[in-house]
Every structure is written in structure tokens, then in C-alpha cells.
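Subject: Structure handover

Hello,

Here is the structure for your files.

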Amino acid sequence: MAITRRSILLCFAAASLCALFTRPALAADPVTLKISHQFPGGTIDAGDFRDRLCRRFAAEIEKRSGGALKGTVYAGSSLMKTNAQFSALRKGALDMSLVPLNYAGGEVPETNIGLMPGMVTSYEQAAKWKNAEVGKALSEVLANKGVIIVSWIWQAGGVASRTAPIVDPSDAKGLKIRGGSKEMDMVLKAAGAAVLDMPSNEIYAAMQTGALDAAMTSSTSLISFRLEEVAKHLTTGRGKTYWFMLEPLMISKSVFDQLPKAQQDLIMTIGAEMEKFAMEQAKADDQAVATVYQKAGGKAYDLSDASVKKWQAIARETAWKNYGEKSESCAHILTLAEKLL
């Protein structure tokens, strides 16, 4: 068979067309992960440390993956409402989120352990959770629900109050207070308070209108949401506290499972590296928040061991007991958490 100039050109054309359609399979397009959170936005170097952590994470995955992985941060619940984020993670409708774990308590009761009053009383104790039995059990529950913890982030919290400081449980009697979790609400009710349920980004407006007398939230949120403008009394989380919150950076398991192993490993490695930054910044905010309130004309109060034990005693008989009775899974996680006390 004679090889003509026309047949050669046709072969080249066919080869080019084949290459055009097979190239994407050989060099996949970059993956951009959408990272959502409820906190005020800033820059990688300034602002709420939770926003900065997300931006640092995004920058690192892009740098170390050579651009194959990227992250876009959506601050201030600009992508979706705060309380919708965990559910969206489970469904794969959201890639990543940094959100208080206990916000998911309505869907996954086990997650309420993330803000169990009196269960965690120091950063050192909190840091042990990740690799301890309780951390592994909680991670297994979340994985079965479609969510993976990338960074374990713990924060101490305090109380901002409009009229008088809330140091001991007796100080809460008759006040309208935001506790931050159903478990904290149980403790407050036992102390004689009325409770209101809302995300931390709604506290300012509620206190400004007088609908709320006091609010418990993390030291960073006490600063970022400018609560010193509407509350002149602050019980700090520095030194000692009964209020610790697990606020992890998480990724949808369905999204994670679709990534190559090398990218999965990179995400988890960088996520673990972010934990040191988170603890340092959380501790710094525990100290800084007192200065912020004092400069605004307010007063700051610290907790004693005796005060912490009073709150813990109420929690043990109310929130801890209620949590343990929800299911065998909750009872198991509670037992494992108590081992670290």
C-alpha cells in the first residue's frame, strides 16, 4: 500500500486530536477547596487568628503542592450560614470549615463533648485529646458521619456581661445568658439563669438591644466581635476556666476521599502543623482580651480554683449526666474524656 502525503497528514491530525482529549487525564486541573467560617475576615498576618489560620493553611497547601491544591477562604459566613456548615460538610456541599464542633450537636450528639463545661480545664489537657482514646473515638464517629478533623483547635473562653461580673454560679441567677452549647445551658439553668441559643456572631446585636445580659464565648470571639462595646464586665479564660471549646478545621470526607493519597497526606500534615499556631494564638488572646476590656473602661476578673470547681460540680450532675445518657456511644466518649481529667 502506497503511503501518500494526504494519509500522513491525516495521521498527524488524528494523533493531535487524540492528544487533545487525553491530556486532562495526564495532567489534572488544580483543585480549589472552599474553606468557610463565621468569623471576621482579615489577612494572613492580621485579624482573628481563626481566619488567619485558614489563610495560612490555604497558602501552604498551594505552595507545597506546586499549585495542584488551592484554598479559597470565605469569612463571616459569607458562603453559607453558620449553622448550615457542618451539614454541608457531611453532604460534600462544602469542602472545608472551621466551626465550633458542638454546633453539630443536633445532628451528631457525640459532638457536644466539644464544649462540655468543666471537662477540659487547660490547654495541656486539651492537647492530649487528639491522640488519646477519646480523640480516636470522636474521630471515628465523625468519619462515619462524613467529616474528618484536619486541625484540632481548642480555645478557652470567658464571660462578657453588661451589668455585673459572672464569676461563681450564683452570679448567673436571674440573667439572660448565651452559654454556647446545650450542655453549658444546662449548667446555667441549674444556676438560675435564662438561656438564649445563638451563634457567636449574633451576640453583639442581642447584647446591644438588651435581649441578652451576658454571653460565654471564646477569648478570640470576645475580641473579634467587639463585645467590649456592649459589655463592661469580663470574666477571663486566662489561667483557669471551666469553658473550653473544640473548634476544629474540618474537611468533607467525600471530598477528601476523591483526592490523591499525596494530597490527602499533605492536607493532614499541614493541618497538624497549624495546631501549634492555634494554641499560641488562643493563649495570647486569653491575655489580650483583658487589656481590650480595661482600655474600653471595663473590668476584668479571673477565676479561682474554688470557682472552677463550683461550675464543674454542677456540670457533672447536669450536662455530663445528660450527655452520658444519650447513647452508648456518648457514654463511651464521656468515660474516655474523664480519663484525661
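Which residues of helix H6 (residues 182–190) are buried? They are Glu183, Met184, Asp185, Val187 and Leu188, where buried means under 20% relative accessible area, exposed over 50% and partly exposed in between, with a 1.4 Å probe and protein chains only. The cover over these residues of H6 includes strand S6 (176–178), strand S7 (194–195), strand S8 (214–218) and helix H11 (305–324). After H6 comes Gly192, which has a positive phi near 100°.

On provenance: this is a predicted model, in which local features need pLDDT of at least 70 and side-chain atom pairs count only at pLDDT 80 or more, while totals for chains, interfaces and linings use all residues. Residues are numbered from 1 along each chain as its sequence is written, and side-chain values use heavy atoms, with hydrogens and water left out.

Overall figures

The protein has 12 helices and 12 strands; these are DSSP runs numbered from the N terminus, helices being H or I with at least four residues and strands E with at least two. Of its 341 residues, 51% count as buried. The C-alpha atoms fill a box of roughly 100 × 45 × 30 Å along the principal axes. Among contacts (heavy atoms within 4.5 Å) between residues at least 6 apart in sequence, 76% join residues at least 24 apart.

Strand S1 and its partners

Strand S1 (residues 31–37) runs parallel to strand S2 (residues 69–74), and six bridges join them; strands count as paired if DSSP finds at least two bridges between them. In this pair, Leu33 is opposite Gly71.

Val150

Val150 belongs to strand S4 (residues 147–151). Why does Val150 count as buried? Because its relative accessibility is 1%. Leaving aside residues up to four places away in sequence, Val150 touches Phe57, Met96, Leu249, Met250, Ile251, Ile267, Met268, Gly271, Ala272 and Glu275. The C-alpha atoms of Val150 and Met274 are separated by 9.2 Å, with the two residues 124 apart along the chain.

Regards
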